[in-house]
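Have the sequence and the coordinates at hand.

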Amino acid sequence: MRTTFDFAPLWRSTIGFDHLAGLVDSTLRQASDDNYPPYNIERSGEDHYRITLAVAGFGADDISVTAEQNALTIEGRKPEKPASEYLFQGIAARPFRRVFNLADYVQVKEAAFRDGLLIIDLVREVPEAMKPRRIQIAGATASSPQIEQKKAA
């Protein structure tokens, strides 16, 4: 079932979020795709996140992690090996590609492979110039106008 959303009320009160409709549309389209490999997304602090993918059957050399712009792409591909005769094959080792959209200023800090899990730590680091600041209003006091940096929480 395909769902559509009307973003008209949102556009009346926001500026610069034109890409939001495309982002929501691509996420809905991707949600109906394959759910392999399974993964978790955790928030481990105010600006710290962790993505954990269960990649049993893959080694660290079989997986590539690429961060570009606001997207994190994780791809896995097993090298071709001679065909074996399986009596039962329950460990999936098919190729996969998983893309995560990242918010502005979210950076990959570290990627590790432990116990069949790919663990990717992310952190949001807002540049000092982009943090909120308080603007002194001229004429309110006799002193010269000043701009104060607001401390980030």
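Arg 98 sits in strand S5 (residues 96-101). Strands are DSSP runs (E, at least two residues), numbered from the N terminus. With 7% relative accessibility, Arg 98 counts as buried. Buried means under 20% relative accessible area (1.4 Å probe, protein chains only). A polar atom of the Arg 98 side chain lies 3.3 Å from the backbone oxygen of Tyr 36.

The model is predicted: local features need pLDDT of at least 70, side-chain atom pairs count only at pLDDT 80 or more, and totals for chains, interfaces and linings use all residues. Residues are numbered from 1 along each chain as its sequence is written, and side-chain values use heavy atoms, with hydrogens and water left out.

Now the sheet. Its 4 strands form an open sheet in the order S1-S2-S7-S6, paired antiparallel. S1 (39-45) and S6 are the edge strands; each has a single partner strand, so one side of each lacks a neighbour in the sheet. Two strands pair if DSSP finds at least two bridges between them.

| Antiparallel pair | Bridges |
|---|---|
| S1 and S2 | 6 bridges |
| S2 and S7 | 7 bridges |
| S6 and S7 | 8 bridges |

Individual partners can be named. Glu 42 has Arg 50 in S2 as its bridge partner. Ile 51 stands opposite Ile 120 in S7. Arg 114 has Leu 117 in S7 as its bridge partner.

The hairpin of S6 and S7 has 2 residues between the strands, and Asp 115 takes a positive phi near 55 degrees there.

Why is strand S7 largely enclosed by the rest of the structure? Of the 8 residues of S7 (residues 117-124), 6 are buried, so the strand is largely enclosed.

Methods. Buried means under 20% relative accessible area, exposed over 50%, partly exposed in between (1.4 Å probe, protein chains only). A polar contact is a pair of N or O atoms within 3.5 Å; within protein, one must be able to donate a hydrogen and the other to accept it, and residues adjacent in sequence count only if both atoms are side-chain atoms.
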